[in-house]
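Please read them with the coordinates open.

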Amino acid sequence: MQQGQSNWLAGRRRSTSPLIWLALAILSLLAAGAHAHGVAEGDKGYIQEITGVHLLPFIYLGAKHMVTGYDHLLFLFGVIFFLYRIKDIGVYVSLFAIGHSTTLLLGVYFDTNVSAYLIDAIIGLSVVYKSLDNLGAFQRWFGFQPNTRWATLIFGFFHGFGLATKIKEFEISKDGLIPNLLAFNVGVEIGQMLALFAILIVMGYWRRSASFFRHAYTANVAMMAAGFMLIGYQLTGLFIA
C-alpha cells in the first residue's frame, strides 16, 4: 500500500486539469443525489404492512440499500484504492463489515435515537478522511500515519448507525424483528460483496494501465470533494430540520 502511494506521489503532477474537473463533476453529481439514499416509499409501505418473519424481502432490501448507498461505496472505494493483495482487501473489508454489522443490529434493537443527519455527516467525513489518507496528507501535515485498520473499524461503526437510522424509517413490526434484522444485515453484506466485486474489476483494469498513477491524485481529490458535499448537505439538513 505504501509503495503504491509513493509511486502515485511521484507522478501526481502529471494529472491533467480537464480530467480533474470531469471527475469532480461526476462525483459531485453522485453526492448531490445522496438524498435518494433513503427509504423508497414503496419499500416503506410494504414493510409497514407486514408482520412476522420475511427473510427474503429483508435480504433484498439490505442488498439494495448497500448497492445504492453512495456514501458507503465511496468509503469502500477509498479503503481498497491502494490495496493490491486479496488478503489485505479481505482484512479491511471484514473490519468494515464487523463495524457496520454491530451498530446496525444494536442500533435498531435498542432503538437508539441519533440524528440521521449527524450520522450521515460523519459518514461523509469518513470519505474525506480516507481521501486524505490516500493522498498522504497526515504524514505531510502532522508527521504521523493514523492506524488505517482501526480507522476502518471505527468508521464502520458509524456507517452501521447510518444503516440503523435508515432501517428504522421502515417502522418494522416487533414481530419477527430479530430474524428480519439479521436478514437485512445479510443483504447488506451481499450488496457490499457485489459492489466490491464490481469495484475490483474496474480497479484491476485501471491499475494495469499507465494512467493509474497519473490520475490517482485526481480520483482522491474528487472523492474528497464528494465527501465534503455529503457533509455540507447533511449539516444543512440538521440545522434546518
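1. The side chains of Lys168 and Asp111 meet in a salt bridge, with 3.2 Å from N to O; the term stands for a side-chain nitrogen of Lys or Arg within 4 Å of a carboxyl oxygen of Asp or Glu. This pair links distant parts of the chain, 57 residues apart, since Lys168 lies in helix H9 (residues 148–168) and Asp111 in the loop between helix H6 (86–109) and helix H7 (116–134).

2. The model is a predicted one, in which local features need pLDDT of at least 70 and side-chain atom pairs count only at pLDDT 80 or more, whereas totals for chains, interfaces and linings use all residues. Residues are numbered from 1 along each chain as its sequence is written, and side-chain values use heavy atoms, with hydrogens and water left out.

3. The structure holds four salt bridges in total. One of them joins Lys166 to Asp120, with the closest N and O atoms 2.8 Å apart, and this pair too links distant parts of the chain, Lys166 in helix H9 and Asp120 in helix H7, 46 residues apart. Both Lys166 and Asp120 are buried. Another salt bridge is formed by Asp88 with Arg85, at 3.0 Å between the closest N and O atoms; here Asp88 counts as buried because its relative accessibility is 17%, while Arg85 counts as exposed because its value is 54%.

4. As for the overall fold, the protein chain has eleven helices and zero strands, where helices (H or I, at least four residues) and strands (E, at least two) are DSSP runs numbered from the N terminus. Buried residues make up 51% of the 241 residues in the chain. Of the contacts (heavy atoms within 4.5 Å) between residues at least 6 apart in sequence, 87% join residues at least 24 apart.

5. Which residues touch the most other members of the largest nonpolar core? They are Ile80 and Phe81, in a core of 34 residues, a nonpolar core being a set of buried Ala, Val, Leu, Ile, Met, Phe, Trp, Tyr and Cys residues joined through side-chain atoms within 4.5 Å. Helix H5 (70–80), H6, H7, helix H8 (137–142), H9, helix H10 (177–207) and helix H11 (211–240) each supply at least two residues of this core, and H11 gives the largest share, nine residues. Not counting residues up to four places away in sequence, Phe81 touches residues including Met203, Trp206, Phe212 and Ala216. Apart from this core lies another, of 17 residues, among them Met66, Val108, Ala164 and Phe170.

6. Ala164 is found in helix H9 and counts as buried because its relative accessibility is 2%. Leaving aside neighbours within four places in sequence, Ala164 is in contact with Thr103, Leu104, Gly107 and Val108. Ala164 and Val114 are 50 residues apart in sequence, and their C-alpha atoms are 9.6 Å apart in space.

Conventions. Buried < 20%, exposed > 50% of the residue type's maximum accessible area, 1.4 Å probe, protein only.
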